[in-house]
Amino acid sequence: MKAVITVIGKDQVGIIATVSAKCAQFGANITEITQSVLDKYFAMIMIADISALEGDFAKFADELKALGEKSGLDIRCMHEDIFDAMHKI
Amino acid sequence: MINTQDILETINMIREENLDVRTVTMGVSLYDCVSDDVDKLCSNIYDKLMSSAKNLVSTAEDIEKLYGIPIVNKRVSVTPISYVGGKAGPDGYVKIAKTLDRAAHDLGINFIGGYSALVQKGMTKGADALITSIPQALAETEMVCSSVNVGSTRAGINMDAVARMGRVVKEAAALTADRDAIGCAKLVVFANAVDDNPFMAGAFHGAGEGDCVINVGVSGPGVVEKAIRRAGDCDFSTLADVIKKTAFKITRVGQLVAYEASKRLGVPYGIVDLSLAPTPAIGDSVACILESMGLETCGGPGTTAALAMLNDAVKKGGVMASSHVGGLSGAFIPVSEDAGMIAAAECGSLTLEKLEAMTAVCSVGLDMICIPGDTTAETISGIIADEIAIGMVNNKTTAVRVIPAPGKGIGEKVEFGGLLGYAPVMRVNPVSCEQFIARGGRIPAPIHSLKN
């Protein structure tokens with residue numbers, strides 16, 4: 001079971017460290033990181049294994065979102081199923 | 001392995017193009033609440049709703065978090081109240097409406113639908129009492145939505161009910177005159193009403209449904225509009241494909257949410273309603289989709305054709321994305337709930353007559369249209385009769401939700417707020433249909449052979 005964490009906003013020092021720390025706190029294991037551009041924004045995509053997530057997914061997503069808000073970033077954590085549903089037949 | 005571009009496309013749809021799931025609606029049967037005592041009936045209804053839907057809002061909120069997709073409304077639809085009201089008189093029905101409202105408040109949902117009667121062929125005493133009570137029920141409740149089915153392809157049109165509903169709409173407006181006639185925004189008159197519609201104001205839990213069911217209504221006009229704009233100057237075959245592919249993706253989200261909600265709530269999944277439901281927000285408009293196809297303003301020549309193609313392509317794309325499709329399924333064209341429609345009405349490009357033509361090729365009908373406050377009940381009945389006739393003859397659902405705004409004339413603004421939006425008062429043809437409406441009786445059901 002995987003979560004897709006996207007970070008969108010202006011590139012800044014320490015993004016990966018901050019998000020990784022939160023993932024570690026919840027026992028989410030980051031398996032992949034890629035960077036891209038969405039419109040004019042920096043977009044980082046992390047895939048995390050959440051099979052052994054400690055705690056509630058909603059709480060994990062909320063805390064990541066709050067983390068983003070603190071640094072002016074849009075951080076979203078979404079279950080992989082939504083991407084599979086939309087883009088695979 | 002999830003492709004990076006796919007991830008970014010989804011994120012962009014949610015961030016920039018207003019992709020959301022418009023509603024998760026739980027249908028609840030009230031047959032087992034029946035009692036010959038109205039107070040007992042009300043307490044049975046309250047208890048049944050509180051136990052059936054107690055986890056609806058929290059579950060939907062958890063699913064929003066899980067998939068990162070907004071679920072705008074959490075709603076409940078119930079068995080048409082005229083089926084369970086028994087011997088209640090109009091006052092008893094108002095009591096039931098207040099019970100529904102109290103349950104809706106306590107559940108934390110946005111609307112509750114099913115304060116309804118189906119009278120396409122005839123009217124029971126219960127339906128009669130419910131219809132009498134509608135204006136007061138809507139004035140004294142906040143979240144209760146009402147609908148009355150006055151015609152069908154199989155039964156024809158109950159013109160007595162049509163005449164009556166013109167008066168009910170006027171009365172509902174008068175009783176909520178201090179709130180821009182909000183009562184009328186919660187009242188729909190239908191032809192061929194469907195049993196599993198998750199959208200308000202017309203949702204009810206039909207007779208053939210089970211005890212409890214989850215229906216989901218999808219949305220996404222902004223996503224379709226942006227996809228069409230990105231496709232650029234292509235021909236209609238290509239355009240239809242672009243819409244189909246987009247509708248597929250939108251509907252898959254609805255299917256995923258419906259499946260998850262059904263699993264978590266332990267309630268069977270009913271249908272996904274493949275609708276393009278606009279909101280007054282910029283970038284969430286069906287009118288703007290039509291304009292993105294090359295129309296200067298919605299309502300001009302070409303509008304009906306554009307809408308017909310859009311509606312068909314949305315269904316074709318959506319059908320493959322969902323295991324069970326139902327409800328109203330099509331593009332909605334409410335005026336006050338769609339920024340593009342509002343602008344088109346304000347500039348005079350969009351008229352009531354053009355909207356009527358548009359309803360022949362899409363879902364659902366003359367929706368959220370403000371008309372002058374001095375429009376007579378007979379004229380409103382005439383508008384209803386025309387719209388119901390389109391549904392009856394074309395074997396489709398049509399509906400009328402018009403708001404005769406008290407004290408307001410053409411061009412003045414009526415403000416409902418929230419998803420109900422605002423709208424300018426539109427011109428109604430002033431020619432009288434009084435004698436026609438006064439005839440009463442039934443318009444016979446149409447023949448469906450001899451198609452030429």
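In this predicted model, helices α10(B) and α12(B), the latter spanning residues 303-321 of chain B, pack with their axes 7 Å apart and at an angle of about 45 degrees. Because angles under 35 degrees would count as roughly parallel and those from 65 to 115 as roughly perpendicular, α10(B) is classed as oblique to α12(B). The crossing of these helices is right-handed. On the α10(B) side the contact draws on residues including F236(B), A240(B), I243(B), K244(B), F248(B) and Q255(B), while α12(B) contributes, among them, M309(B), L310(B), A313(B), V314(B), G317(B) and A321(B). Taken by class, the residues of this contact are eleven nonpolar, five polar and four charged.

Helix α10(B) also packs against α9(B), which covers residues 221-231 of chain B, and here the angle is about 145 degrees with the axes 10 Å apart. This crossing, too, is described as right-handed. From α9(B), the residues V223(B), V224(B), A227(B), I228(B) and A231(B) meet T238(B), L239(B), V242(B), I243(B), T246(B) and I250(B) of α10(B). The class division for the contact of α9(B) with α10(B) is nine nonpolar, two polar and no charged residues. I243(B) and T246(B) are listed both in this contact and in the contact with α12(B).

| Helix pair | Angle | Axis separation |
|---|---|---|
| α10(B) and α12(B) | about 45 degrees | 7 Å |
| α9(B) and α10(B) | about 145 degrees | 10 Å |

Chain A itself contains three helices and four strands, arranged from the N terminus in the order β-α-β-β-α-β-α. For its 89 residues a compact globule would have a radius of gyration near 12 Å, and the value of 13 Å for chain A agrees with this. Along the principal axes, the C-alpha atoms of chain A fill a box of roughly 35 × 30 × 20 Å. Buried residues account for 34% of the chain A residues. Among the contacts in chain A with a separation of 6 or more, 64% join residues 24 or more positions apart.

Elsewhere in chain B, helix α13(B), residues 339-346, is largely enclosed by the rest of the structure, since six of its eight residues are buried. These are A339(B), G340(B), M341(B), I342(B), A344(B) and A345(B), and they pack against α11 (286-292) and β12 (422-424) of chain B. After α13(B) comes G348(B), which has a positive phi near 90 degrees.

T153(B) is partly exposed, with 17 other C-beta atoms within 10 Å. Although T153(B) and N395(B) are 242 residues apart along the chain, their C-alpha atoms are separated by 5.6 Å. Apart from neighbours within four places in sequence, T153(B) is in contact with N192(B), M392(B), N395(B), A445(B) and P446(B).

Conventions:
Residues numbered from 1 in each chain as written. Chains lettered and ligands numbered in written order. Predicted model: local features only at pLDDT ≥ 70, side-chain atom pairs only at ≥ 80, totals over all residues. Helix = DSSP H or I, 4+ residues; strand = E, 2+ residues; numbered from the N terminus. Rg over C-alpha atoms; globule rule 2.2 N^0.38 Å. Buried ≥ 20, exposed ≤ 12 C-beta atoms within 10 Å, placed from the backbone. Contact = placed C-beta atoms within 7 Å. Axes fitted to C-alpha atoms, helices over the stretch in contact; angles between N-to-C directions. Parallel < 35°, antiparallel > 145°, perpendicular 65-115°, else oblique. Left-handed = near helix turned anticlockwise from the far one by under 90°. Nonpolar A, V, L, I, M, F, W, Y, C, P; charged D, E, K, R; others polar.
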